[in-house]
Amino acid sequence: MSGSSNKPQLLVLDGGLGTTLEDVFHRDISHALWSAKPIDEDPEVIIAAHLVFLRAGANVILTSTYQCAYNTFERAGYTREDARRIMLKSVKLANEAKHRFLAELAEKTEHGDEEDAPPPHDVKIALSLGPFGATLSPAQEFDGFYPPPFGPDLSSSERRTNAFEDTPEGRSQEQAAINALTAFHHERLSIFAEDAEVWDAIDFVAFETVPLRREVYAIRQTIAQFQEERRADGLGRLVRMKPWWISTDYPDGQFPEVTPNGRHLTVREVASAALLEEKGGLPLGFGINCTGLEFLQQLLVDMSPAAREYATINGKKPWLVLYPNRGDVYNPETQSWSTKGREGVKWAEVLRAVVVESLRSGNWEGLIVGGCCKTGPAEIAGLVEELQAWGVPKDLDVI
C-alpha cells in the first residue's frame, strides 16, 4: 500500500464466495465448513469462483477460510493435521487463481491490438478470518451470543444479553473473554504465518463480520502479540504482519452487542474501539460488511469522527472497507435465504453513490469496496462499470 497521497485510492473487492458457489456453480455448501468444504473435495470450483470475480473486475479476492478454525474442522470430523493442510491449501488456491488470471491478461495483451488490450490489473489476496461466532453452530456473527468463557453465562439469567455487566466481576469476566478470544485468533493466524509460501502469497488479513466490541479488542491484542513475538518463518526470515482491517456488521442497521440495560453499542463506539483506544495493534482500516445498503450512509456519518481523530493522532488517514450484502436475509437455523434485495446494476448504483460520497468526504485514505453475501460476479461487474462511468480511472489512484 502506498502512503498518503493527494488523491484517494481504491481497490475493488470480490463478492460473496460461499453464495457464489451456491448460486453460480450450484454447489451445496450447507455444511459446518461452508465455503471451505470444497477446498479439499472440489478445489477447481474454488479457483473458478475466484476467477469469475477477477474477470468481473475485482482487484482483491478473499480466501475461502472465513469459517476455518480447528474447532470448526473438529466438529466436521477432521483431524488438526488435516485442518491445517486444508486452511493452507485455501490460500494456495487463491494464488493459483491469481496467476491463471494474470496469464489470461498477458495472453490477451500479447495477441490483441491496443484497443483490445486490457488495462493494468494487479491482484491482491486477502486472508478471510471470520469471528469466533462464525465457528459456532448455529453461527453467531449476527447475534454475538458466545458461550463462556467467550461470553456471559446465561444459564441462570432471565435476560438475554451478549455483554457483561459493568461491575467489577463483570469487567473481570470481560477481560477473561478478551483473553480467550485473543488465544483463538492468535492460534488461527499463526497457522498461516508459520508457512512461508502461504504467508508470502497473502497481501491483506481481513477480520470480518465482528459482532462484539470485546472481539475487536481481542483482535487488536492478537496483532500486538504477533508483532511482539518477532517470529521466524520456515526459511528463517522474520515474519511481519500484513496490512489488516477489521470489518463489523450491523443487522437492521444496529451493532449486535447490547448492553445489559438494552442499549446497542453505536458504530462510533465500535470504530473508536478499532481505531483509537490503546488496545493493541493499529489496523490499516475499519469498515462494514454483510450489512444492508440502506444503512450505510448513516453508519458512515456516525463513524466519521473516529476516522478524523485517527488521522489527527497518527498523521495518516485510515482506509474504509465496505462490502455490504445484497439485501437478502439469511436464517442460520435453516441455512437458507429469503430474497429481498437489489440485484446487479441496481445494487451497484446505490453502492457507487456511497463510494463517491465517502471518497469526497476527505475522511479516508482510500476505499476497499465490494460485496458480501448473495453478491456475485454480476454485482461486482456492475460496480466496476458504475465506478468507471463516474470516472474512477480519471479521478482516483486505482491500485
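S190 counts as buried because its relative accessibility is 7%, where buried denotes a relative accessible area under 20%, exposed one over 50% and partly exposed the range in between (1.4 Å probe, protein chains only). The structure is a predicted model, in which local features require pLDDT of at least 70, side-chain atom pairs count only at pLDDT 80 or more, and totals for chains, interfaces and linings use all residues. Residues are numbered from 1 along each chain as its sequence is written, and side-chain values rest on heavy atoms, with hydrogens and water left out.

S190 is located in helix α6 (residues 168-193); helices (H or I, at least four residues) and strands (E, at least two) are DSSP runs numbered from the N terminus. A polar atom of the S190 side chain is placed 2.8 Å from the backbone oxygen of H186. A polar contact is a pair of N or O atoms within 3.5 Å; within protein, one must be able to donate a hydrogen and the other to accept it, and residues adjacent in sequence count only if both atoms are side-chain atoms.

A polar atom of its side chain lies 2.8 Å from the backbone oxygen of V354. Beyond neighbours within four places in sequence, S358 is in contact (heavy atoms within 4.5 Å) with L300, L320, L322 and W364. The C-alpha atoms of S358 and L300 are 7.8 Å apart, although 58 residues separate the two in sequence.

At the level of the whole chain, the secondary structure comprises 13 helices and eleven strands. Of the 399 residues, 55% are buried. Among contacts with a separation of 6 or more, 77% link residues 24 or more positions apart.

Strand β4 (residues 204-210) is mostly covered, with seven of its seven residues buried. Strand β3 (residues 124-129) runs parallel to β4 and is joined to it by four bridges, pairing of two strands requiring at least two DSSP bridges between them. Within this pairing, S128 has A206 of β4 as its bridge partner. Four bridges also join β4 to strand β5 (residues 244-248), again in parallel, and the partner of F207 in β5 is I246.

The largest nonpolar core contains 122 residues, of which F192, W199, V205, W245, M303 and L351 touch the most other members. Such a core is a set of buried Ala, Val, Leu, Ile, Met, Phe, Trp, Tyr and Cys residues joined through side-chain atoms within 4.5 Å. Helix α5 (residues 80-111) gives the most to this core, contributing ten residues. Apart from neighbours within four places in sequence, W199 is in contact with residues including F192, V205, F226 and M241.

The structure holds zero disulfides, a disulfide being a pair of cysteine sulfur atoms within 2.5 Å. C290 takes part in none, and the nearest cysteine sulfur, that of C373, is 3.6 Å away. For C373, the closest cysteine sulfur is that of C290, and the separation of 3.6 Å is too far for a bond. C290 is buried at 7% relative accessibility, and C373 is buried at 10%.
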